[in-house]
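Here are my notes on this one, as promised. Have the viewer open while you go through the points.

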Amino acid sequence: MFIKVVNPNTTWSMTATIEACARTVAGPGTRVEAVSPAMGPPSIESHYDESLSVPGILAEIAQGERDGADGYVIACFGDPGLDAAREIATGPVVGIAEAAMHTASFLGRGFSVVTTLGRTAGRARDLADRYGLRDACRGVHACEIPVLALETDPDARKIVTEACFDALDSDGSDAVVLGCAGMADLCAQISADIGAPVVDGVAAATLTVQSLVTMGLATGKRGEFAPPPPKPYTGILKGFTTAR
Ligand code: 2AL
């Protein structure tokens with residue numbers, strides 16, 4: 001089985017961390033490859049970043065189809081481009097926010113999300129709503145660490161750990177969901193430190209895709225998620241023209 005993990009930002013050092021975390025959980029018969037798109041923002045921490053990450057993500061899904069990928073992970077907590085990716089992929093496509101939130105829902109009655117910048121909290125709340133987990137998502141907490149500082153700030157792990165601890169306490173929740181793919185490598189240590197389950201979406205989404213492919217399941221193609229109607233695209237989007 002071949003799972004393609006798309007890190008929607010163009011920071012390859014973060015892509016390498018994501019790939020390592022996905023490979024750690026994947027089964028022996030599963031090949032995991034993580035990529036960053038050839039175009040897009042270096043980190044995703046605004047609606048603008050998120051919107052402009054989508055063409056690069058879709059180009060990677062299209063390439064994955066040519067390369068025979070069995071399924072895909074979209075490894076950014078805003079789940080950018082998820083619906084469009086489902087239209088053009090044959091196999092299942094899972095976002096890290098949806099996988100992490102659904103996984104956390106198995107671990108107790110309520111979970112808290114700990115994210116990067118406060119401005120990304122609205123998106124996380126919207127996604128909890130969209131996934132039917134409004135009540136289970138007890139709170140979304142920001143540690144005000146920019147995404148790329150997760151790799152460079154020597155205090156990053158301490159700050160995220162404290163935010164997780166405070167979130168559990170203030171929300172009275174049973175588990176924590178990490179709100180950024182760049183936190184994937186912190187998961188096990190934070191869980192040990194706070195003594196509560198901590199869910200990393202990269203691991204959760206990789207294993208969800210692996211399970212779906214193992215069960216022979218993929219996106220339903222009879223309606224909304226059928227391939228998009230063919231039409232010519234213009235300007236810098238010319239390459240996204242959909243074939244008849
Ligand atoms: C993210 C993420 O997962 N990757 C990225 O670039 N930004 N999420 C976030 N909440 O900042």
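1. Start with the pocket. The ligand takes up the space of the second largest pocket. Keep in mind that this is a predicted model, so treat the distances below as computed values.

2. Who lines the site? There are 13 residues around the ligand. Asn-9, Ile-44, Thr-116, Gly-179 and Ala-181 are the closest of them. Sorted by class, the shell comes out as seven nonpolar and six polar residues, with no charged ones.

3. Now the polar side chains, which I'd click through one by one. Asn-9 puts a polar side-chain atom 2.9 Å from a ligand oxygen. For Thr-116, the distance from a polar side-chain atom to an oxygen of the ligand is 2.7 Å. Thr-115 has its polar side-chain atom 3.0 Å from a nitrogen atom of the ligand. As for cover, the ligand has 300 Å² of accessible area on its own, and the protein covers 97% of that.

4. Next, the domains. The chain is split into domain 1 (2–96 + 204–240) and domain 2 (97–201). Between them, the contact involves 28 residues from domain 1 and 30 residues from domain 2. Their C-alpha centres are 22 Å apart.

5. Where does the ligand sit relative to these two domains? Domain 1 and domain 2 both contribute residues to the shell, so the ligand lies between them. When you look at the figure, I'd colour by domain, using 2–96 + 204–240 for domain 1 and 97–201 for domain 2.

Technical notes: Residues numbered from 1 in each chain as written. Predicted model: local features only at pLDDT ≥ 70, side-chain atom pairs only at ≥ 80, totals over all residues. Heavy atoms only, no water. Near = heavy atom within 4 Å. Polar contact = N/O pair within 3.5 Å; in protein donor to acceptor, adjacent residues only side chain to side chain. Areas by Shrake-Rupley, 256 points an atom, 1.4 Å probe, with all protein chains shown as cover. 1 Å grid on protein atoms, 1.4 Å probe; cavity = no way out; pocket = protein on both sides within 12 Å on 5 of 7 lines; lining within 4 Å. Sits in = over half its atoms within 2 Å of the grid points. Nonpolar A, V, L, I, M, F, W, Y, C, P; charged D, E, K, R; others polar. Domains from an automatic or database assignment. Contact = heavy atoms within 4.5 Å.
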